[in-house]
Each structure stands twice: as C-alpha cells, then as structure tokens.
Amino acid sequence: MTRIFSGVKPTGHLTLGNYLGAVRRWVEVDQHRADGLFSVVDLHALTVEHDPARVRRLSRQAATLLLAAGLDPALCTVFVQSHVDEHTRLSYLLECTATDGELRRMIQYKEKSVRALASGESVRFSLLSYPVLMAADILAYRTDEVPVGEDQTQHVELTRDLAVRFNQRYGHTFSVPKATQPPVAARVMDLQDPASKMGKSHDATAGIVYLLDDADVVRKKIMRAVTDSGQEVAYDPETKPGVANLLEILAGCTAQEPAALAEAYTSYGELKRATAEAVIEVLRPVRERHAVLAADPGEVDAVLKDGAERARGMARPVVDAAYRAAGLLPAG
Ligand code: TYM
C-alpha cells in the first residue's frame, strides 16, 4: 500500500492556504487511498523565535483542527512529531548525508534568514538544518508520497536527493518519495499582497483567512482583498494576480477550474461575494467540529497517544536499519 506522510508546523493558526494546499486533500483523498501519517511537526516551530506556551497551545489546536477537518484515526495515523524520537535520531544521520551548500540554497532558508537579520534577530542554526529534519520525518516511514503545497516542493526534492545518496553509499534503506500537489490552490496568496504566499506566521493578518475565523471576519477579509486594475474578471496570474488568487480560492472550495469560473463573473465585487460565501461554507463544518473536540481535550490526547505509538512502531525498524547501514554498532 502506498505510504503517505505530511505535516503542519505550529508556528501560527492554520490558514486557508494550509487547508486548500494540503489538509483538505489529506482528508478527502489521501487517507482513503493510502497508509497515511499526518503530523503536527512541533520541533520545526522551534527554528524561529518562539514562546513555549504558545507553541504548546498551537500544537494542540493544530491537532484538534486536523481531526475537525476530517482526518479519521481509524483510517490514518495522526500524531505529534516530538512524541516520536525516531525523527531526531534519523535527522543526525541525514545531517551527515547533506552538504552545507545544498542547505544554504533552500529558498525558505534564504528568505527567512534575511528577514530575521533585518529585524535584528539572530538566525538559529536549526533554521538551516530544518529541511534535514523534514527529510527525516519523511524517510523514517519509507514514504512514497508527500502531499504538500507548492512552497514545500524544494524541500521534498532535497529529501529525494538525500535518500538516493544514502542508499548509494550504504545500500538500499529508504524509499525515494515524491511530492504531490493539489490541482488548484497549491499556492494561495495573501489577500492584501497577492505577490506573497498566505503564511500563518506573517505579522499583518488582514490578508490571511484563518480556519477558525468566523463568517463575518472571512467575509470582511475577502471583500477587502486587493484586486487589479481593469474590471474584467479573467484568470491571468501574471497580469491579474489578485483576481487569479480569488479564482483559485473559489475553484479550490468548489472543485472547479479557475479559468472556467472567470467566465461566470462580470465584476470583481460579484467574484468576491461568491468567493467569501464558498470559503464560509467550506470552513463552517470544520469550525463546528473544532468547537466540539476542543471541549474534550482528553479525546484528542488519546488519539495523539495512539498515533505516536503506531508511528514509533513504523519508524523504529527503518531508523535502526539506517544506523546499522551507516556503520554504527548495534546496541545489542
Ligand atoms: P507548513 O506548516 O508551512 O504548511 C503546511 C502545509 O500547508 C501548505 N501551505 C500552503 N499551500 C497552499 N497555499 C499556501 N499559502 C500554503 N501555506 C502552506 C504547505 O505547503 C504544507 O503542505 N516544512 C513544512 C512542514 C513539514 C512537512 C514535513 C511537510 C515538516 N516536515 C514532512 C511534509 C512532510 C511546513 O513548514 O509546512
């Protein structure tokens, strides 16, 4: 059976980008057709300045939202990364496989380190090594497919390179995974700045729809979205990025084609209204189930405990095999 791994990092509240680019597909497609592992990758949230209490809160909220969105522990494994030691155990071996040069070429590292330095913060070493831990997340489970939004494809490419290099050096140990992307909305843009990705850790929040925003807030944010000059509704990400983003969001929510949708609207206002209502309808059941689950944290904890046990059972033999292959003496 195909093995799938993916994750979200608790650096902020989950956004519509996370949902349309990743989570929705895990729920609707991936968990039904494959052996899926879906993780709140909390260790990754420590690569930038963080408040421990906030990370703890966001981790629980992210896990609750994954279940509220419809991940079913009877079909897949939902767990928190730091509950499974195998990820960091394997990460070290992969640090010994990766090169300094290839990590410095990662776009996200370049962008985030420039931003940190500009605001007078130091750059944590883990920000550089982060894609190696991500590779360990994936390779520890002999994963075949990694369903992610477009921004993560470079990290999955690196993961493939590391798997191939390790296998060539030490004998076949890892599967070589490939990234998969949704047909639309693989890169949802900020509503106020359609040149930037809608990101959960951005400071300015007017252009970001969070999964837990209520209907009025969603409506307001989408009605105020930046559009483009002219009045014609057309799907052209180059010359009309704001309108194209709305069309992508609407297409993602209604399983249609952005270009075909463009023909159905004659004004930006009409398109915004339709997009807002479609987003509200998609998020409504998620918010409702989240409220029920959040009232019973014991149930979420039980799912995470069981998920971590299952994940450990899968990762342990793979990481042990990697340790032996690399020449480390078995513990006996
Ligand atoms: P993260 O937490 O930034 O995002 C979680 C998932 O949501 C997707 N995504 C988007 N898709 C479309 N439009 C957007 N604006 C948007 N923003 C985010 C991301 O592509 C991702 O699929 N490094 C990863 C977490 C991670 C991981 C892994 C993923 C750690 N280990 C192993 C897969 C496999 C990250 O920061 O995702």
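I will start at the ligand: a polar side-chain atom of Asp151 lies 2.5 Å from one of the ligand's oxygen atoms. That is a polar contact, meaning a pair of N or O atoms within 3.5 Å; within protein, one must be able to donate a hydrogen and the other to accept it, and residues adjacent in sequence count only if both atoms are side-chain atoms.

Before going on, some ground rules. This is a predicted model, where local features need pLDDT of at least 70 and side-chain atom pairs count only at pLDDT 80 or more, while totals for chains, interfaces and linings use all residues. Residues are numbered from 1 along each chain as its sequence is written, and side-chain values use heavy atoms, with hydrogens and water left out.

Back to the ligand. There are 27 residues around it, with a residue counted if one of its heavy atoms lies within 4 Å. Lys9, Tyr130, Asp137, Asp151 and Lys200 come nearest. Asn18 has a polar side-chain atom 3.1 Å from an oxygen atom of the ligand. Gly17 uses its backbone instead: an N or O atom there lies 3.1 Å from a ligand nitrogen.

Next, the domains. The protein chain is assigned domain 1 (3-181 + 296-326) and domain 2 (215-292); such bounds come from an automatic or database domain assignment. Their C-alpha centres lie 30 Å apart.

What do the two domains share? Eleven residues of domain 1 are in contact with ten residues of domain 2, contact being heavy atoms within 4.5 Å. The size of an interface is often given as the accessible area lost when the parts come together. Here domain 1 and domain 2 bury about 870 Å² between them, 69% of it on carbon and sulfur atoms; the area is taken with a 1.4 Å probe and summed over both parts.

How many salt bridges are there between domain 1 and domain 2? The count is zero, where a salt bridge is a side-chain nitrogen of Lys or Arg within 4 Å of a carboxyl oxygen of Asp or Glu. Two residue pairs between the domains are in polar contact, both at pLDDT 80 or more.

On the domain 1 side, the elements giving two or more residues are helix H1 (16-33) and helix H2 (52-69). H2 gives the largest share, five residues. Helices here are DSSP runs (H or I, at least four residues), numbered from the N terminus.

Last, salt bridges again: the count by this rule comes to 19. One pairs Glu86 with Arg89, with the closest N and O atoms 3.0 Å apart. These two are separated by about one helical turn, because they sit three residues apart in helix H3 (residues 86-95).

Conventions: Buried area = accessible area lost by both parts, 1.4 Å probe.
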